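Please consult the sequence and the model shown below while reading.

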Amino acid sequence: MPAAHTASAMPSMAQGFSSLPMPRPMRASAGNARPLQSRSHRRCRATPPRVTASGQNVLLLGSGGREHALAWKLAQSPDCGRLFVAPGNAGTALEPNMTTVSGLNPSNHKQVIDFCRGNGIQLVVVGPEQYLVEGVVDALTEAGVAAFGPSAAAAALEGSKAFMKGLTAKHGIPSAGYGVFTDPREAKAFIRAHGAPIVVKTSGLAAGKGVTVAHSLEEAYEAVDAMLTGGAYGRAGEEVVVEEFLTGEEASFFAFVDGETVIPLVGAQDHKAVGEGDTGPNTGGMGSYSPAPVLTPQLVDQAMQTIMYPTARGMCSEGRPFRGVLFAGFMIEGSQVKLLEHNVRFGDPECQSLMVRLRSDLLSTLHSVIQGEPITLDWDPRPSLTVVMAAKGYPGSYRKDQPIMGLESVTGAKVFHAGTRLLEDRRVVSAGGRVLGVTALGDDVQSAQRAAYSAVDAISFPDGFCRRDIGWRAIARG
């Protein structure tokens, strides 16, 4: 296999980037919660282990802010029996209606299966992408334990950006032009031919940080060297994707997918850059809000027809049917939507913003998605906003085990824990780069922002920082 390959829709280097063709429109509209199902849909869908709907014991895998938010929402279900979170964090350990199992390693599939059998677990909910890519859902399904999340084959949508880009090219999904490389010389030749700005990404998982938006050729070359020869991202950087730089406004969109059935959730917008005004290096996300005003009903309909449905159909045609929650990162310019990336799980911190708005029973909803049953989602119409409090130095090096105080004094907001640890004396200390996600609702984005920052100011975290402008795009729109 050659060290570099490009999408069939890409022109030669000398011609510059081109937009990928739009797919043929679907007959079903984005407003239909369950589009027309064909025979191919039924062939695409595998039958999962049966889940009973009452008194379910649930295991949630993960330790971040997303997982705290999901656990918080799952625990509200009247059908939830015992809820376990592994390995969890200080926030899940402090919640009164769940049990944190810090010693359980989700990457050890035998250990997870044994725990499920020993504790009567009827549903496993998988939060992070790493566990999905590792195949924990496959292992659980084979053991007869129901799990929410895609198979390892379907999780390649996030686990391999090269695979995802190939899918967009093959199935006519609008996205940035690109090339895939393992040889740094060929990657640099591609970059020289196309010029800057240009985007260099690790193909593999890099915790949201393996992306460089290069504004000069030198910066792009440095990114290639760091990934392909410098080992900055380990195995994730052994293959790189070099992409056309797209302009516009980003938005996050989520949908439950079961084969070719796509059920839209709501949109959100996160803030990737570490600095105010969206400056500085990219992070896993410094804050978010939902809904995203930029995602108009017309653009949502367009995205469903040109991105979400074609992705679901494409995965089925590739023999990798997707079942779970599918994230799509959009770039919106004018009246056009293009796909930046797919994730195979809820976003973080977008999940925190979504869970406080979700009025529906999450456990019942996940149960219905797994069984292929119709669902209806009810959302609080009020906007929500999440401010991430991070450790100083993030996304670079940072200190751990730094004290966090004042959490009990927070009112008017929910504090979701991410990188935290609970000491034996019940004190909370930092344990990661992104530490807390302070989330509030409001009558409008500005009031949600005020409530969130009021809660942030009530927390004492001397070794932490946050952006003070989360939600600025929505507020600027008025």
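The largest cavity in this predicted model has a volume of about 60 Å³. A cavity is a set of points on a 1 Å grid over the protein atoms alone where a 1.4 Å probe fits but cannot get out; grid points are joined across faces, edges and corners, and the volume is the space filled by probe spheres set on the points. Rolling a probe the size of a water molecule over the atoms shows where empty space is left. The structure holds two cavities of 30 Å³ or more.

The largest cavity is lined by residues that have an atom within 4 Å of a point, among them Arg66, Leu70, Phe148 and Arg345. Helix H2 (65-74) and strand S5 (121-126) each contribute at least two residues to this lining. Helices (H or I, at least four residues) and strands (E, at least two) are DSSP runs, numbered from the N terminus. By class, the lining comprises eight nonpolar, one polar and two charged residues. Here Ala, Val, Leu, Ile, Met, Phe, Trp, Tyr, Cys and Pro count as nonpolar, Asp, Glu, Lys and Arg as charged, and the others, Gly among them, as polar.

Residues are numbered from 1 along each chain as its sequence is written. In this predicted model, local features need pLDDT of at least 70 and side-chain atom pairs count only at pLDDT 80 or more, while totals for chains, interfaces and linings use all residues; side-chain values use heavy atoms, with hydrogens and water left out.

The protein chain contains 15 helices and 24 strands. Of its 478 residues, 59% count as buried, where buried means under 20% relative accessible area, exposed over 50%, and partly exposed in between (1.4 Å probe, protein chains only).

In soluble globular proteins, nonpolar side chains tend to be buried together. A nonpolar core is a set of buried Ala, Val, Leu, Ile, Met, Phe, Trp, Tyr and Cys residues joined through side-chain atoms within 4.5 Å. The largest such core has 54 residues, of which Leu59, Val124, Leu140, Leu157, Met308 and Phe330 touch the most other members. Helix H11 (residues 297-317) gives the most to this core, with nine residues. A second, separate core of 38 residues includes Leu70, Val356, Leu377 and Phe416.

Helix H8 (residues 161-170) is largely enclosed by the rest of the structure because eight of its 10 residues are buried. Its buried residues include Phe163, Met164 and Leu167. Among the elements that cover them are helix H7 (156-159), strand S7 (178-181) and H11. After H8 comes Gly172, whose phi is positive, near 65°.

| Residue | Relative accessible area | Class |
|---|---|---|
| Cys80 | 15% | buried |
| Cys351 | 0% | buried |
| Ser430 | 0% | buried |
| Ala431 | 29% | partly exposed |

A disulfide is a pair of cysteine sulfur atoms within 2.5 Å, and the count by this rule is zero.

Ser430 lies in strand S22, whereas Ala431 lies in the loop between strand S22 (428-430) and strand S23 (434-441). Leaving aside neighbours within four places in sequence, Ala431 is in contact (heavy atoms within 4.5 Å) with Lys400, Gly419, Thr420 and Arg421. Ala431 and Lys400 are 31 residues apart in sequence and 5.0 Å apart in space, C-alpha to C-alpha.

Technical notes:
On a 1 Å grid over the protein atoms alone, a cavity is a set of points where a 1.4 Å probe fits but cannot get out, and a pocket is an open set with protein on both sides within 12 Å along at least five of seven lines; lining residues have an atom within 4 Å of a point.
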